[in-house]
Amino acid sequence: HDGCLEMRAAHLARLFERACPRPSALHGTGADMLVATHNTMDGLRLDGLLPLYPRLQSAHGASVGVLCVQENKPGHADAVAKALGGWHRATSDACAPRLATVYDTRLIRHVATRVLQLPRLAYVPLWQRL
């Protein structure tokens, strides 16, 4: 639900702000940016989520500089980029099209998109499997 998503985002933002002091300078601009990841669950409720992305930016007074989109489907990351504003673009690696990255071209210069295959962990604690 939208309210639940907003509460989680607000809670994560408070935790992040405690752990990471502001402001963060990027390329000498002094611009703050948000870095996030979002599992869109195959975009089942993407239409309802799209209006939340710009609200996230305005609530924190910073652009979403980088957003990892998990369970991406064709066109979904582009829709997220469009919702975030005209400066945002989406990219993905043909080897893993279900993972996409949305970034703010004012803050990030895209050089290449690559997905690295990591080895499976031999053991994953129960709290990470939930």
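This report covers the sheet, a helix packed on it, the nonpolar core and the salt bridges of a predicted model.

## Basis of the model

In this predicted model, local features need pLDDT of at least 70 and side-chain atom pairs count only at pLDDT 80 or more, while totals for chains, interfaces and linings use all residues. Residues are numbered from 1 along each chain as its sequence is written, and side-chain values use heavy atoms, with hydrogens and water left out.

## The sheet

Four strands form an open sheet in the order S1-S2-S4-S3, with mixed pairing. Strands here are DSSP runs (E, at least two residues), as helices are (H or I, at least four), numbered from the N terminus. Two strands pair if DSSP finds at least two bridges between them. Strand S1 (33–39) and strand S3 (88–92) are the edge strands, and each pairs on one side only. On average, neighbouring strands are turned by 15° against each other, direction ignored.

S3 pairs with strand S4 (residues 99–104) in the antiparallel sense, over five bridges. In this pair, Ser92 stands opposite Ala100 in S4.

## Helix H4 on the sheet

Helix H4 (residues 76–84) packs on the sheet. H4 touches strand S2 (63–70), S3 and S4; contact means heavy atoms within 4.5 Å. The direction of H4 makes about 160° with that of S3. Such angles run from 0 to 180 degrees between N-to-C directions, with axes fitted to C-alpha atoms, for helices over the stretch in contact.

Which residues of H4 are buried? They are His76, Ala77, Val80, Ala81 and Leu84. Seen down the axis of H4, these buried residues fall within an arc of 140°, so they line one face of the helix. The arc is that of the directions from the helix axis to the C-beta atoms. Buried means under 20% relative accessible area, exposed over 50%, and partly exposed in between (1.4 Å probe, protein chains only). The cover over the buried residues of H4 includes helix H2 (46–49), helix H3 (52–60), S2, S3 and S4. Just after H4, Gly85 takes a positive phi of about 130°.

## The nonpolar core

The largest nonpolar core has 16 residues. A nonpolar core is a set of buried Ala, Val, Leu, Ile, Met, Phe, Trp, Tyr and Cys residues joined through side-chain atoms within 4.5 Å. Tyr53, Leu67, Val80, Leu84 and Val102 touch the most other members. H2, H3, S2, H4 and S4 each give two or more residues. H4 gives the largest share, four residues.

Leu84 touches Tyr53, Pro54, Gln57, Val64 and Val102, leaving aside residues up to four places away in sequence. Val64 is found in strand S2 and is buried, at 1% relative accessible area. With the same exclusion, the contacts of Val64 include Leu34, Leu56, His88 and Asp104. Val64 and Met33 are 31 residues apart in sequence, yet 5.6 Å apart in space, C-alpha to C-alpha.

## Salt bridges

How many salt bridges are there? The count comes to two. A salt bridge is a side-chain nitrogen of Lys or Arg within 4 Å of a carboxyl oxygen of Asp or Glu.

One joins the side chains of Asp42 and Arg98 (2.7 Å, N to O). Asp42 lies in the loop between S1 and H2 and Arg98 in the loop between S3 and S4, so the pair ties together parts 56 residues apart in sequence. Asp42 is partly exposed at 25%, and Arg98 is partly exposed at 38%. Asp104 and Arg106 form a salt bridge too, with their closest N and O atoms 2.8 Å apart. Asp104 is buried at 0%, whereas Arg106 is partly exposed at 47%.
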